Amino acid sequence: MPVLDQITGPRDLRGLSEDELTQLAAEIRDLLIRTVATNTGHLGPNLGVVELTLAIHRVFDSPRDKIVFDTGHQSYVHKLVTGRAPEFATLRREGGLSGYPSQTESEHDLVENSHASTALSYADGLAKAFRIRGEDRHTVAVIGDGALTGGMAWEALNNIAIQHDSKLVIVVNDNGRSYTPTIGGLATALTALRTNPRYEHVLDVVKRRLTAVPGVGPAAYDALHAMKKGLKDALAPQGLFEDLGLKYVGPVDGHDRGAMEHALAQAKRFGGPVIVHAITRKGFGYDPAERHEADQFHAPGPFDVQTGAEKPKGPIWTDHFAEHIVRIGERRPDVVAITAAMMHPVGLDGFQARFPDRTFDVGIAEQHAATSAAGLAMGGLHPVFAVYATFLNRAFDQVLMDVALHRCGVTFVLDRSGVTGDDGASHNGMWDMSILQVVPGLRLAAPRDVTRMRELLDEAVEVADAPTVVRFPKGPPPDDIEAIDRAGGCDVLVREGDHDVLVVAVGSMAPVAVDVARRLLAQGIGVTVVDPRWVKPVDPALVELARRHRRVVTIEDNGVVGGVGAVLLQTLAAEGVRTPVRVHGIPQEFLDHAKRAAILERVGLTASTIALEALHDIARDSAAEPAPEGRTLLDVDGSR
Ligand SMILES: Cc1ncc(C[n+]2csc(CCOP(=O)(O)OP(=O)(O)O)c2C)c(N)n1
């Protein structure tokens with residue numbers, strides 16, 4: 001019987017023999033690989049924390065002791081040993097296990113935000129709360145060297161250091177990488193600790209052991225051994241953390257469960273805040289991941305378990321951005337690029353290869369990225385900061401007060417905007433068009449297709465006295481939709497029949513808008529569809545178009561509160577335009593994980609729902625007039 005089948009909770013780990021624990025680690029790796037190969041998700045980070053997680057659960061008593069995983073993408077092993085192995089096949093599927101910790105899933109889970117560098121702050125608060133309430137509990141925070149580059153982590157350390165009696169253990173999971181190798185002075189300092197002569201000596205005596213894992217055939221599962229000897233096992237402040245006054249244990253081989261348990265037990269006994277510095281390897285035990293240069297299978301798409309070959313996928317929006325930003329860089333020597341530790345995911349690797357001196361990976365530091373961009377602009381350059389839409393939230397004040405107030409020409413490229421789906425509530429890029437609406441002078445573009453993305457990027461980098469934003473969604477772009485006309489700065493995509501309904505198509509919602517038009521036209525309703533291209537500020541031409549129509553329908557993949565539709569409504573009211581407006585967007589709630597299309601369907605961002613609602617509205621408008629003969633509202637639903 002597989003050992004994993006006997007694990008219903010962390011306590012079951014305590015009674016296992018050394019052999020069983022080794023076997024369990026192999027089974028866990030096998031399951032991780034097989035599941036992520038089909039379901040997608042975070043593989044490299046989880047392969048790297050198998051022993052570390054087992055050790056934490058054997059030394060601490062979850063859920064009484066609290067374990068906080070920074071970012072939470074490395075919590076799969078934790079899920080497997082806290083009773084969720086039987087459901088692991090549902091990982092990231094609608095209604096299944098989340099790819100991050102989830103309070104509704106388990107009493108062992110606490111923090112589910114998935115935005116990096118927060119764990120130490122949560123842990124600081126938890127430890128203070130337990131102390132004040134007189135509860136004898138420990139808090140364990142697991143944080144990667146990547147997440148440790150975020151400013152919040154250091155704000156937390158600064159506070160933790162003076163809480164001398166906080167029962168707080170910080171496990172630094174140091175694999176030297178974020179996606180790509182972690183950069184900066186901190187990374188250099190960690191490397192210094194990792195490679196100090198005593199530790200190097202230990203590495204010399206490391207034996208590599210290859211273990212075949214059931215079912216995975218030749219996949220090499222190597223484990224570092226003989227690391228116990230020579231490791232620092234006394235509590236002693238060390239280098240980097242010394243000045244903060246934090247106790248330090250390590251470096252410890254994070255793949256040596258015994259050594260990890262020893263270090264954690266010491267830290268636990270200490271009774272104050274302690275850092276346990278674990279050295280791990282991302283992708284550990286799965287050759288294709290360990291050898292994967294770009295990101296060691298940080299979050300691969302579907303892949304073949306035997307070979308590690310990723311299933312081919314067509315180009316996504318990011319690839320088109322990646323190409324075009326290089327072209328811009330070629331003609332504009334003043335354009336520089338910034339990423340917050342996501343060079344490949346945001347498509348800046350090509351720019352970096354071409355213009356290494358003009359590309360900056362600042363670490364997981366979106367706030368710094370924005371203000372540093374302001375500085376670059378003040379210094380005469382035009383920075384392009386490419387970032388996932390959800391992570392720009394971090395830098396709101398920096399966009400507002402540092403970039404916009406100083407009228408800096410900085411372009412923010414928001415990838416993965418709108419509903420992203422699989423990664424759940426914290427990854428949907430559904431906030432940007434609301435929070436950025438309040439920024440004076442900022443211009444925001446939402447391209448509907450690749451041609452428009454290129455155009456709008458070109459226009460954005462020409463703006464030298466204000467922030468500009470270009471946002472596009474996850475996944476493959478739709479086919480180009482050519483405009484039939486222009487109205488002010490807006491593209492007219494459809495204009496047929498009377499001026500009954502004006503459909504305002506925001507960015508990626510353009511194909512839906514055109515489909516809505518088709519359905520309304522089939523009902524004899526006249527429709528105009530416009531794509532404003534620049535959705536902020538509101539184009540005066542859009543106001544005039546709205547004035548001339550009987551109804552306005554706006555469609556955006558952003559929260560309905562304060563988004564493009566809401567602001568248009570407000571503008572129309574201010575301009576005395578009385579045309580009723582129906583705003584379609586994402587309800588202002590935290591969305592459970594599911595495929596993007598399933599979520600759009602659920603929240604009503606589909607052509608059939610929107611057309612149906614428009615028809616209801618029109619029917620209500622002319623309540624006295626019966627619906628024309630032979631037609632029912634249901635006819636607009638494509639199912640009939
Ligand atoms: C604020 C924020 N920015 C970016 C990300 C995207 N992201 C997810 S994991 C990761 C790298 C994390 O590196 P590390 O903490 O060292 O963990 P590892 O994956 O190496 O185990 C990044 C940049 C994020 N989750 N949060």
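Cys408 is buried, as its relative accessibility is 4%; buried here means under 20% relative accessible area, exposed means over 50%, and partly exposed lies in between, with a 1.4 Å probe and protein chains only. Cys490 is buried as well, with a relative accessible area of 0%. The structure holds zero disulfides, a disulfide being a pair of cysteine sulfur atoms within 2.5 Å.

A word on the source. This is a predicted model, in which local features need pLDDT of at least 70 and side-chain atom pairs count only at pLDDT 80 or more, while totals for chains, interfaces and linings use all residues. Residues are numbered from 1 along each chain as its sequence is written, and side-chain values use heavy atoms, with hydrogens and water left out.

I turn to the ligand. It is surrounded by 23 residues, and the closest are His73, Gly146, Ala147, Lys282 and Glu366; a residue counts as near if one of its heavy atoms lies within 4 Å of the molecule. The side chain of His73 places an N or O atom 2.7 Å from an oxygen atom of the ligand. Gly146 uses a backbone N or O atom, which lies 2.7 Å from a ligand oxygen. For Lys282, a polar side-chain atom is 2.8 Å from an oxygen atom of the ligand.

Next, the backbone. Most residues other than glycine have a negative phi, and most peptide bonds are trans. Thr40 has a positive phi, near 65°, and sits in the loop between α2 (18-39) and α3 (44-47); helices (H or I, at least four residues) and strands (E, at least two) are DSSP runs, numbered from the N terminus. Thr40 is buried at 15% relative accessibility. Arg416 also has a positive phi, of about 55°, but its place is in strand β11, residues 411-417. Arg416 counts as buried, at 18% relative accessibility.

Which peptide bonds are cis? The bond from Ser62 to Pro63 is cis, with omega near 10°, and Pro63 belongs to the loop between α4 (50-59) and β1 (66-69). The bond from Lys536 to Pro537 is cis, with omega near 0°; Pro537 is in the loop between β18 and α21 (540-548).

A search of the whole structure finds two cavities of 30 Å³ or more. On a 1 Å grid over the protein atoms alone, a cavity is a set of points where a 1.4 Å probe fits but cannot get out, and lining residues have an atom within 4 Å of a point. Volume is the space filled by probe spheres set on the points, which are joined across faces, edges and corners.

The largest cavity has a volume of about 50 Å³.

Conventions. 1 Å grid on protein atoms, 1.4 Å probe; cavity = no way out; pocket = protein on both sides within 12 Å on 5 of 7 lines; lining within 4 Å. Polar contact = N/O pair within 3.5 Å; in protein donor to acceptor, adjacent residues only side chain to side chain.
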